[in-house]
Amino acid sequence: QVQLAESGGGLVQAGDSLRLSCVASLRIASRPIMGWFRQAPGKTREFVGRISAFSGTTEYAESVKGRFTISRDNAKNTVYLQMNSLKPEDTAIYYCAAVFGRLGSTPGDYEYWGQGTQVTVSL
């Protein structure tokens, strides 16, 4: 059982930075793979990036490479999404997700989801 809670969203201008946090409440003595997704109005949920359970290897969507960075602090059960050089097209609800034992880049690959946090980037 995993409960996830995102925070850190807000309204910013293009070029600004934000750091999103996802706190995981774990009832299973294991370390999940963590992913970040986003969904803009009228669009499907899309993959942003992920971080592996043990090695910390990250993977990102082409649209955010070089701008976004995912990290995790296992002692705090927290995953971060550092977003730099934000663009209006980054506006979306951002979700963190978790799954055990499988790397994936689609929503269907993940079992547990947070409620999302809104990121709005204006010109």
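Student: Hi! Which residue in S9 is the bridge partner of Gly35?

Tutor: The bridge partner of Gly35 in S9 is Ala97. This is a predicted model, where local features need pLDDT of at least 70, side-chain atom pairs count only at pLDDT 80 or more, and totals for chains, interfaces and linings use all residues. Residues are numbered from 1 along each chain as its sequence is written, and side-chain values use heavy atoms, with hydrogens and water left out.

Student: OK, how do S4 and S9 pair?

Tutor: S4 and S9, residues 92-99, pair in the antiparallel sense over 7 bridges. Two strands count as paired if DSSP finds at least two bridges between them.

Student: And what about S4 and S5?

Tutor: They are antiparallel too, with 5 bridges, and S5 spans residues 46-51. Within S5, Ile51 is the bridge partner of Met34. S4 and S5 make a hairpin with 6 residues between them, and Gly42 in the turn has a positive phi of about 75°.

Student: New topic! How many residues are in the largest nonpolar core?

Tutor: It has 35, and Leu4, Trp36, Phe68, Leu81, Met83 and Tyr94 have the most contacts inside it. S9 gives the largest share, 6 residues. A nonpolar core is a set of buried Ala, Val, Leu, Ile, Met, Phe, Trp, Tyr and Cys residues joined through side-chain atoms within 4.5 Å.

Student: Which residues is Leu4 in contact with, leaving aside neighbours within four places in sequence?

Tutor: Among them are Cys22, Met34, Cys96 and Trp113. Contact means heavy atoms within 4.5 Å.

Student: Cysteines! How many disulfides does the structure hold?

Tutor: The structure holds 1, and it joins Cys22 to Cys96, S to S 2.0 Å. Cys22 sits in strand S3 and Cys96 in strand S9, 74 residues apart. A disulfide here is a pair of cysteine sulfur atoms within 2.5 Å.

Student: Why is the disulfide called right-handed?

Tutor: Because the torsion about the S-S bond of Cys22 and Cys96 is about 60°.

Student: Last one: is Cys22 buried or exposed?

Tutor: Cys22 is buried, because its relative accessible area is 0%. Cys96 counts as buried as well, at 1% relative accessibility.

Conventions
Helices (H or I, at least four residues) and strands (E, at least two) are DSSP runs, numbered from the N terminus. Buried means under 20% relative accessible area, exposed over 50%, partly exposed in between (1.4 Å probe, protein chains only).
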